[in-house]
Structure formats: structure tokens, C-alpha cells
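Visitor: Hi, I'd like to walk through a protein model with you. Could you put it up and take my questions as they come?

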Amino acid sequence: DREYTQSKHGKDFLGPVRELGGEPVFDLKENQVGVSGTILGAVIIDGQPFSPSIPKALRTIAPPRSKGSTTYKPSPQELATYQARIKARSIYALLPHGQCLPNRNLVFQCPGAAGKLLCPLQAPFGAQRVGLLPAATPPKTVAPGTVCASRYRTFDAAELPLCQRSLCGSKEWFDSYGRRGSSVEPHFGGLKSDAAAGLHHGKVRVSGLIKTGLMVAFALATTNRRLALAFDARRPADAPAKRRRGRPYTHNLTRHTLGEADQDKVLYVART
């Protein structure tokens with residue numbers, strides 16, 4: 001839902017989701033499409049880092065929209081043309097290398113080193129594949145610490161808040177976004193409608209770990225109080241103490257008299 005991801009910094013939704021271990025797949029709004037600047041020499045387009053050699057014609061690709069609307073309802077031909085341009089731009093995109101680091105930083109590989117295009121600054125690891133396109137406008141000089149100075153470059157998570165695993169607008173992204181949307185939206189509909197979720201009067205739905213924990217604590221406290229009051233009501237306060245029942249107590253001592261002269265002296269010895 002683009003309502004949750006409309007900010008450029010991602011601190012309100014995307015950042016917390018990633019801190020929980022999630023990997024968001026989301027659509028971009030109009031203010032998030034296009035070039036947003038450069039970081040470590042990489043050109044940030046649609047939230048993704050690209051090689052600085054990317055042609056200017058591929059830097060801004062407007063997504064197809066319906067007339068008078070900002071939603072995706074293009075014709076199949078418009079969608080195919082748009083995805084073809086995204087595919088042409090994808091060869092200049094930096095490739096995610098491995099998983100997200102524990103501190104949520106991201107490691108990217110240079111497209112030249114990955115063998116996606118021919119770049120005089122970074123040669124591929126293996127043999128060059130036939131048919132690779134040369135970099136359009138590679139930088140003439142390489143500044144230290146930039147993406148062109150090394151095969152791999154690490155970006156801070158706050159520098160790429162709109163970054164996704166698949167390029168936004170690509171066929172892979174459309175398949176992933178559409179599959180998740182069809183799975184999540186019915187669940188949200190069930191949360192909003194008691195009839196769809198099968199809830200009736202007397203039941204309460206609470207979303208969120210903190211809210212659920214507080215609700216359970218209140219429920220336990222009220223239940224314990226109700227049980228304690230019911231227990232006190234069943235036992236009167238002035239009820240007499242019950243006498244102990246059972247067999248009478250008998251000791252295991254044997255009485256011995258110490259002679260006729262000592263009849264007043266009695267010795268008790270325990271039986272074994």
C-alpha cells in the first residue's frame with residue numbers, strides 16, 4: 001500500500017519493517033520516481049543505486065498511468081514498453097551482494113565486475129561474455145571511496161531507504177508485488193470487517209504485541225478478582241472451625257515401675 005511508503009526517508013514504515021527482519025516490496029509514488037541524487041558516486045534512481053555511466057535517457061522512466069488517474073491501469077502494450085526500458089536500464093544497476101548485514105547495511109557489486117557491461121574501470125571476474133554492451137559514459141577519473149574504485153561497496157541503510165531486492169517496474173518486481181498484494185489485501189479486509197473475520201458480539205480483536213499484552217493482563221486481573229470474590233462468598237467469615245477427624249492418637253511408650261520402694265518413680269521406654 002503506497003499510503004505507508006509515501007515518505008522518502010522510510011523512517012515511518014520501511015525502516016521499522018526492516019529492523020524486524022522484513023524485506024518490503026512496495027510501489028513508488030510520483031515524488032519518489034526518478035533521480036534523487038548521488039551517493040558514493042552512484043546515481044540513485046527510483047531508490048536504487050546505479051552506475052554513474054548510465055545514459056541520461058534511461059535515468060527518468062515514467063511509469064504508465066491511466067489518464068486522469070495515478071494508479072496502474074496501463075494497456076498491455078504500454079506495460080510491455082515500460083518494462084523493456086526498465087530492462088535496458090537494469091544492466092547499469094548495482095547488484096545486491098549477499099544478504100543484509102546485521103546492522104542493516106547493504107553491499108552492492110559493480111555491474112562491470114559482475115559482467116553485466118563492459119567498463120574500463122572494473123573488469124569482470126571471469127571471461128567476458130559475448131554481446132556485452134560497453135558502458136555509455138564511464139567516469140574519466142575515479143575518486144577514492146566511490147563505487148567505481150572497488151568491485152564492492154557498502155551502503156548505509158539510511159542512504160537507501162527505498163531500495164528493493166528487484167528493480168521497481170521490472171517484470172520480477174511486478175510478479176512479486178502482484179503476488180503479495182493478492183495475499184495481503186484479503187487479510188486486511190478480514191481485519192476491517194467482523195463478518196468476514198467471523199467475529200460476533202462478546203469478542204474483541206486487538207492488533208499489535210503491546211496492545212495484546214495489555215489486554216491479556218487486564219483479562220487475567222479481572223478473572224482472578226472474580227474468582228477470589230466468588231471464593232469468599234462461598235465461605236462465611238464466622239464459620240466455626242471444623243473438628244479434626246480420624247483415629248485417636250496413641251503413643252508408643254511402655255511404662256515400667258522401678259521396684260516396690262520406688263513405686264513413685266515411673267520410667268517410660270519407647271517400644272521398638
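Guide: What follows is a chat about strands, cysteines, a pocket and aromatic rings.

Guide: This is a predicted model, where local features need pLDDT of at least 70, side-chain atom pairs count only at pLDDT 80 or more, and totals for chains, interfaces and linings use all residues. Residues are numbered from 1 along each chain as its sequence is written, and side-chain values use heavy atoms, with hydrogens and water left out.

Visitor: Thanks! How many bridges join β1 to β2?

Guide: Four bridges join β1, residues 35-39, to β2, residues 42-45, and the two run antiparallel. Helices (H or I, at least four residues) and strands (E, at least two) are DSSP runs, numbered from the N terminus. Two strands pair if DSSP finds at least two bridges between them.

Visitor: You brought up β4 and β5. In what order do the strands of their sheet come?

Guide: The order is β4-β5-β6, three strands in an open sheet with antiparallel pairing. β4 (95-96) and β6 (152-155) are the edge strands, each pairing on one side only. Two bridges join β4 to β5, which covers residues 106-109. Proline 96 stands opposite phenylalanine 108 in β5.

Visitor: Phenylalanine 108, okay. Which residue forms an aromatic pair with phenylalanine 108?

Guide: Phenylalanine 155 does, in an edge-to-face pair with 5.6 Å centre to centre and 85 degrees between the planes. Rings of Phe, Tyr and Trp (its six-membered ring) pair if their centres lie within 6.5 Å; planes under 30 degrees apart count as stacked, over 60 as edge-to-face and the rest as tilted. This pair links distant parts of the chain, with phenylalanine 108 in β5 and phenylalanine 155 in β6, 47 residues apart.

Visitor: Are those two buried or exposed?

Guide: Phenylalanine 108 is buried at 2% relative accessible area, and phenylalanine 155 is buried at 0%.

Visitor: How many aromatic pairs are there in the whole structure?

Guide: The search finds three. One of them is tryptophan 173 with phenylalanine 174, whose centres are 5.1 Å apart with planes at 80 degrees, so this pair is edge-to-face. Trp173, Phe174 and Tyr177 form one aromatic cluster. Tryptophan 173 is buried, with a relative accessible area of 1%.

Visitor: Switching to cysteines: how many disulfides does the structure hold?

Guide: Zero, taking a disulfide as a pair of cysteine sulfur atoms within 2.5 Å. For cysteine 119, the nearest cysteine sulfur is that of cysteine 110, 5.6 Å away. Cysteine 148 is in no disulfide either, and its nearest cysteine sulfur, that of cysteine 119, is 6.0 Å away. Cysteine 119 is buried at 17% relative accessible area, and cysteine 148 is buried at 12%.

Visitor: Let's do pockets. How much space lies in the second largest pocket?

Guide: About 380 Å³. On a 1 Å grid over the protein atoms alone, a pocket is an open set of points where a 1.4 Å probe fits, with protein on both sides within 12 Å along at least five of seven lines; lining residues have an atom within 4 Å of a point. A volume is the space filled by probe spheres set on the points, and grid points are joined across faces, edges and corners.

Visitor: Which residues lie nearest its centre?

Guide: Arg18, Glu23, Cys100, Leu106 and Arg165 do, out of 19 lining residues. β5 gives the most to the lining, with three residues.

Conventions. Buried < 20%, exposed > 50% of the residue type's maximum accessible area, 1.4 Å probe, protein only.
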